[in-house]
Amino acid sequence: MSEMIIQTKGLTKTYRGRMAVDHLDLEIAKGDIYGFLGPNGAGKTTTIRMLLGLIQPTSGSIRIFNRDMPKDKLEILRHVGSLVESPSYYGHLSAIDNLEAIRRILQVPKSRIHEVLEIVSLTSEARRPVKGFSLGMKQRLGIAAALLGSPDLLILDEPTNGLDPSGIHEIRELIKHMPEQYGITVLVSSHLLGEMELMASKVGIIREGQLVFQDTIDNLRLRSTHNMELVVSEPDSAMWIARDLGASGTAENGILSFPGMVDAQVAHLVKRLVENGHDIYRVEQKKKSLEDIFMQVIGERGQV
Ligand SMILES: Nc1ncnc2c1ncn2[C@@H]1O[C@H](COP(=O)(O)OP(=O)(O)O)[C@@H](O)[C@H]1O
Ligand SMILES: [Mg+2]
């Protein structure tokens, strides 16, 4: 089994008796880009704030780098970079000067400023006052700041929130290279699955404080049911034959649709239809889009 970077057990936070985070068992392995997904209000930020020791859990445990949070908080945070909510800057100062202020606190070499500016592709803008930066540039500067201390773990809370498609693309490209180029494990939250699809190696989906899915995106896809669609010459009587064989489905606009129908059932149905003089024009397996699956997971209680 690969080395765990973050592991929580029964992590819970209640506010005035209301569960904001409800018994989370998170598992984030070394080298993962872990997409922490859920609609607004699901408990992502609350979870992240607990991981960073900014708020105390009501119950449950957190281990990061195999150390206990909050007991070993300072030792853990020395190796964690984070971006939670919009970072605040000195607007009249340049990117370099803003980073310099943080660098002094962290006591890392001056050369690190240029390295992190290079990583987030802000080198050519580094001397401009930050107040003229776009939101996307500000977010990248926030990531640069998070990288200053050469962390092993990067925790980003909705870094693409409010960005336009090109800004989202830039952040995604940046995050994608963190594990293999810099050996950094990433936890990144979002309320949009589409943003995660192209970069996350693993996703955790949280809904009303509960983790309803935690695995690879490929396995999320596999768990969904498909639809088998048949286009035939006489849909209504074909549907009778299908029902007679025990298949349940619907006929709409001349297309017969059977959720979750497996190959053996398809073969059986097609054979029977042909025997009864039906023409079969098309047999198609319709996969649900990942977005459909996500909506299904967060829209319903329980598993996919
Ligand atoms: N400080 C707080 N006091 C009371 N309720 C809170 C507080 N912070 C968050 N909550 C509630 O906890 C739930 C989860 O919020 P949050 O973690 O911010 O969700 P997300 O980041 O997924 O949008 C929400 O219902 C929110 O209203
Ligand atoms: Mg949030």
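A polar contact here is a pair of N or O atoms within 3.5 Å; inside the protein, one atom must be able to donate a hydrogen and the other to accept it, and sequence-adjacent residues count only through side-chain atoms on both sides.

This is a predicted model, with local features needing pLDDT of at least 70, side-chain atom pairs counted only at pLDDT 80 or more, and totals for chains, interfaces and linings using all residues. Residues are numbered from 1 along each chain as its sequence is written, chains are lettered from A and ligands numbered from 1 in the order written, and side-chain values use heavy atoms, leaving out hydrogens and water.

**View 1. Polar contacts to ligand 1.** Thr46 puts a polar side-chain atom 2.5 Å from an oxygen atom of ligand 1. For Thr45, also through a polar side-chain atom, the distance to a ligand oxygen is 2.8 Å. Gly41 uses a polar backbone atom instead, 2.7 Å from an oxygen of ligand 1. On its own, ligand 1 has 560 Å² of accessible area, and the protein covers 64% of that (Shrake-Rupley method, 1.4 Å probe).

**View 2. The shell around ligand 1.** Among the residues surrounding the ligand are Tyr15, Arg16, Pro39 and Lys44 (a heavy atom within 4 Å). Helix α1 gives the largest share, 3 residues (helices are DSSP runs of H or I, at least four residues).

**View 3. Thr47 in helix α1.** Thr47 sits in α1 and counts as buried because its relative accessibility is 0% (buried means under 20%). A polar side-chain atom of Thr47 lies 2.7 Å from the backbone oxygen of Gly43. Beyond four places in sequence, Thr47 contacts residues including Leu11, Phe36 and Ile206 (heavy atoms within 4.5 Å).

Note on methods
Helices (H or I, at least four residues) and strands (E, at least two) are DSSP runs, numbered from the N terminus. Buried means under 20% relative accessible area, exposed over 50%, partly exposed in between (1.4 Å probe, protein chains only).
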